Amino acid sequence: MRPRKRAESHVHAKLSIVTATTIVRGLPPGPPFQLLQMVRYLRDPYVTLRGFARRYGNLFTVRTARVCVMTGRPDLVKQIITAPVDQYGAIHEPGPARVLGLYGTTRMAGRPLRRDRRLLVPHFQGEALNALGGMIREAAIEAFEGFEPGATIVVREPAIAVALDVILRAVFGADTPQRRQEFRTAVRAFSKGFGSPAFLLLAAMKFDNDNLPPFRRFGVARRRLEELLQDAMQRARTDGVDSHSVLRRVVAARYDDGTPMTDGAIRDNMITALIAGHETSVVSLCWGLYWLHREPRYLQTLLDELAPLGPDADPMAWGRLPFLDAVVKETLRLWPVVTDINRVLAQPMQLGEYELPPGTNIAASSAILHYDPDLYPDGETFRPERFLERRFGPHEYLPFGGGERMCPGSHFSVYELKIVLATVLTRWRYTLLDEGTMKVKRMGGMMTPATGVRLRLDGPRR
Ligand code: HEM
């Protein structure tokens, strides 16, 4: 007898049809684990995930280091992001805990998660944000000035400087050059520690021994960062100097019962914001400058919109410009830095026709959703005007995730991107040096344009 196709027999072995209608126990179909496939997924999750969705349908199971049920179908994405707070548990893996700590929101679930987020998230948004515009512009000018006309700029480098500077000032409240320098050194050692191949390998294999050299070295770096944060919290309590910083406001905030957040929780949440908010902003800025120089007609439309306000405009006025808003949204749609948002079920969930048990990992994939031809016709093309032509619901546009865990930095980073783009483009003229289709590569756990985006500085914009 001829063997049946592998994927098919695998799926059938797993499924047991419970009713004659639609409910199915077991996992949706998907590719069997293969090392080559895992390497492909790690190298280019965008193409790989869309390939899986085409082959297996838009609800499928991926088997890499862990097993995860994924979808990019708008109705299922909606179900995932609107599920009640008790639907999901916290992801308790030792690797992320070592980096992000034990007391931040990433380790929480259910009502405690909601309570802590209610205390934290407002300080990343609203009024407080408006006050940071001038500082973001200053950081952008410092990072992008000083190049001679004709110089080749690898955008990733000044982008790293801006994003770190903005987080150090706006989130940590590092208000003097000396404090920023101390933080920068500590952050560099911290990032180097958890980005090293040895650390990543041991963490992926779920080793949990502090004495292993990569973990020991990282521990030293984390403690240094914790010391600096502890000092910053102390200063925030006593002299209130950095009154606009997120840290300052979180230190002063109180839960409904009048108690403050513990120092350990504040510290771990600030470290999480640093990790979650730094590389994401760097990559988004690289893509924004890439697309605008790759599609000069959009650059011109944006310059026409910016021109009446001038290079020293009130940053809040930039924040309100519709075409600039559309450019930022389209940039985040086309190459979402975080390709899928993950949850682990604490309660059973019926997703599509599948009844999934507690403990199942599920994910909503922006890499698939953002290319849905019904929502985004011609999805491979950079077309900012699609965001002027229609509004997209939270389940149709997912660069910042959604629901109870949605990125608290979403307003912050959109505002930052707008100000940095407006600052740089109203001051300098560039030519894109990268030709052909831009490839992506994984860096610091995220996908980034492979060349870092190379621009030639043509001179000041008059
Ligand atoms: C373009 C920039 C950014 C992108 C694309 C981005 C995207 C995301 C995404 C997709 C998530 C997961 C959400 C979910 O699971 O539903 C997330 C989580 C998070 N982001 Fe962002 N982010 C960005 C910038 C920032 C910034 C600037 C900050 C802080 C200053 C920040 C802080 C966080 C934190 C703390 C979490 C974890 C939330 C939790 O699990 O409770 N992010 N981000």
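Guide: Start with the residue classes. Ala, Val, Leu, Ile, Met, Phe, Trp, Tyr, Cys and Pro count as nonpolar, Asp, Glu, Lys and Arg as charged, and the others, Gly among them, as polar. Sorted that way, the lining of the largest cavity has nine nonpolar, four polar and three charged residues. Keep in mind that this is a predicted model.

Visitor: What makes a space a cavity here, and how many cavities are there?
Guide: A cavity is a set of points where a 1.4 Å probe fits but cannot get out. The count is three cavities of 30 Å³ or more.

Visitor: Which residues are closest to the centre of the largest cavity?
Guide: The volume of the largest cavity is about 110 Å³. Its lining has 16 residues, and Y88, L113, R343, E404 and R405 are closest to the centre. The elements giving two or more residues to that lining are α4, β5 and α6.

Visitor: Is Y88 called buried or exposed, and why?
Guide: Buried means under 20% relative accessible area. Y88 has 11%, so Y88 is buried. Y88 is in strand β5. Its C-alpha is 9.6 Å from that of N361, although 273 residues separate Y88 and N361 in sequence.

Visitor: What surrounds the second largest cavity?
Guide: This cavity has a volume of about 60 Å³. Its lining includes P31, P32, F33, Y41 and F52. Helix α2 and strand β3 each give two or more residues to the lining. The largest share, three residues, comes from α2. By class, the lining has seven nonpolar, three polar and one charged residues.

Visitor: Now the ligand. What makes C407 a donor to the iron atom?
Guide: A donor is an N, O or S atom within 2.8 Å of the metal. The SG atom of C407 is 2.3 Å from the iron atom of the ligand. C407 itself lies in the loop between α19 and α20.

Visitor: What makes a space a pocket rather than a cavity?
Guide: A pocket is an open set of points, with protein on both sides within 12 Å along at least five of seven lines. The second largest pocket has a volume of about 730 Å³. It is lined by 29 residues, and D325, K329, Y397, H411 and V414 lie nearest its centre. Helices α7, α17 and α20 each give two or more residues to the lining. The largest share, five residues, comes from α20.

Visitor: Why is D165 called buried?
Guide: The relative accessible area of D165 is 5%, so D165 is buried. D165 lies in helix α9. A polar contact of 2.9 Å joins the side chains of D165 and R169.

Visitor: D378 and V453 both have positive phi. Which is buried and which is exposed?
Guide: Exposed means over 50% relative accessible area. D378 has 53%, so D378 is exposed. V453 has 0%, so V453 is buried. Phi is near 60 degrees for D378 and near 70 degrees for V453. D378 lies in the loop between α18 and α19, and V453 in the loop between β13 and β14.

Definitions and conventions:
Residues numbered from 1 in each chain as written. Predicted model: local features only at pLDDT ≥ 70, side-chain atom pairs only at ≥ 80, totals over all residues. Heavy atoms only, no water. 1 Å grid on protein atoms, 1.4 Å probe; cavity = no way out; pocket = protein on both sides within 12 Å on 5 of 7 lines; lining within 4 Å. Points joined across faces, edges and corners; volume = space filled by probe spheres on them. Helix = DSSP H or I, 4+ residues; strand = E, 2+ residues; numbered from the N terminus. Donors = N, O, S within 2.8 Å, 3.2 Å for Na, K, Ca; no water. Buried < 20%, exposed > 50% of the residue type's maximum accessible area, 1.4 Å probe, protein only. Polar contact = N/O pair within 3.5 Å; in protein donor to acceptor, adjacent residues only side chain to side chain.
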